[in-house]
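Dear colleague,

I am handing over the structure below, and would be glad if you could look through it with the notes that follow beside you.

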Amino acid sequence: MSRRYAIAIPLLAGWLVSARAQTAPVSRIALNPAERFQVIDGFGLNFTAPYFRDDQKRMFDTFIDDLGVTMFRVVPYLVYSDWEVTNDNDDPNVMNWEYYNDRYSTPIFEASWNAIRYLNSRGVRPVIALVGPVPGWMLADKSTPPAHKVCDSGSRIPPLAPAMYGEFAEEVVSMAMYARFQAQLDFEYFSPFNETDCYPAEGPRIDPREAPQVLAAVARRLKREGMGDVRLTVADQAVITNDYVTPILRDSELMKQVGAFTLHTYGENSVGPQVERVKASAYAHVPVWLTEYGDLNDQDKTAENDWTHFSLAANRRALTALNQGASAVFYFDAFDDYEECARRLTFYGLYTSAGHIYAPRKRYYATRQLYHFVRPGFQRIAARTMAPGLTISAFRDPATETLVVVGVKEGGPRRVEVSVPASSRRMPEYWDYYATTRSINCLKLDSVPLRNGVAEVELPEEAVFTLVSKWTSK
């Protein structure tokens, strides 16, 4: 073989490789920093505070300092029907503080106060959220079929009786008062009931049309007791398609004290319809938060389930909620614990907690891809893709003009092109690329340059990833 043909063959091989690269499938992400949406309030975790112990402080420091958590939804008691098995007295307008002081100084509550006190020391003002049924004496005499979706359609638990709305308000506000005035805790948001469409375990039965009256009773009592600055987060519903929002929006006096509309989802439905209801009202400034998301398949403790359900699917739910207008999302749960509602040890946590040994799971690092890089005050910007198996959200830091793209990849082409319009006032010079996969945990893998406004990133088949822009003057 002559020297001329010996050279031509490798040149031809190189051309074939280049041609294959040009024709290989590619997913495209188009960003538009000029098209802007909601400002992010923060990212949070749920936890049941009676399980808090001093040896957990290092874990909570990690949540705040490494994960990036700025909000916590704290449940201070497991089942609040136990507070008043019998009524404190016969007058809902007069709190029996001898009774309540005794209840709120028990070890279960003291652990909760210690948890919130530690969060306060770290600069966090948590949401205090109440979970569980009310005592039986607060319920109506009979039940009627619900006109909305509920978790257990066969349940015949009666609703909270209208005559007991004042007693309910007294009970929950007494706890809030003790937390502020006796325990000296700092909090801004208060959720007086949880998942009232998932009764009886998760909360009392309060149907959408009754919710405004119950909440109004709580709001009036808060104001009367000098706590009118506390903002209500409502209605923490389990079935995200139920419409609790519209009846609440109709009560202008109640809306003066509503701090956020709060929803839960562990499935494919998300916050969009509820966001649109709020936007179309006179209260478009009130944020919508997803205060519970994650996955419910916790009893499968395999690495495969941790990855596919609690890492990929859960983060897809978070990004979907953000893309539909949520200003904050709260993962459920911070660490494994015993759930009174489920009557078993549960394994929803980002951290395991067996035998006082706390360790992060894979889902911790997948969640870090969003929480660590997107901070309160960032604003969501337009980010579009038609690629199958790819869910993305993008954000802009108005202080530094840094752009952040967070994505969940569950299939599709490995090659992804990310473009920024040439009309942008400033153009990133390159993207820092971080990823969590089956084998790595939130590691920086590359710095990817832009050429003519386009960066090409090679992603594995499945990943939760983050791109952080580095800028140069245009």
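The buried residues of helix H6 are Ala-211, Pro-212, Val-214, Leu-215, Ala-216, Ala-217, Val-218, Ala-219, Arg-221 and Leu-222, where buried means under 20% relative accessible area, exposed over 50% and partly exposed in between, with a 1.4 Å probe and protein chains only. Please keep in mind that this is a predicted model, in which local features need pLDDT of at least 70 and side-chain atom pairs count only at pLDDT 80 or more, while totals for chains, interfaces and linings use all residues. Residues are numbered from 1 along each chain as its sequence is written, and side-chain values use heavy atoms, with hydrogens and water left out.

To stay with H6, this helix runs over residues 211-224 and spans 20 Å from its first C-alpha to its last, close to the 20 Å expected (1.5 Å times one less than its number of residues). Helices (H or I, at least four residues) and strands (E, at least two) are DSSP runs, numbered from the N terminus. Because 10 of its 14 residues are buried, H6 is largely enclosed by the rest of the structure; what covers these buried residues includes helix H5 (165-182), strand E5 (189-191) and strand E6 (231-237). Just after H6, Gly-226 takes a positive phi of about 80°.

Ala-334 sits in the loop between strand E9 (328-331) and strand E10 (337-339), and is buried, with a relative accessible area of 0%. Leaving aside neighbours within four places in sequence, Ala-334 is in contact (heavy atoms within 4.5 Å) with residues including Leu-45, Phe-47, Phe-63 and Tyr-351.

As for pockets, each is an open set of points on a 1 Å grid over the protein atoms alone where a 1.4 Å probe fits, with protein on both sides within 12 Å along at least five of seven lines, and its lining residues have an atom within 4 Å of a point. The largest pocket is lined by 33 residues, of which Glu-195, Glu-202, Tyr-266, Glu-292 and Leu-296 lie nearest its centre. Strand E2 gives the most to this lining, with 3 residues. The second largest pocket is lined by 16 residues, with Ala-147, Arg-205, Asp-207, Arg-209 and Glu-210 nearest its centre.

Finally, a word on confidence: the mean pLDDT (the predictor's confidence in each residue, from 0 to 100) of the chain is 92, and 93% of its residues reach 70 or more. Over residues 1-21, however, pLDDT stays under 50. Where pLDDT is low, the predicted coordinates should not be read in detail.

With best wishes
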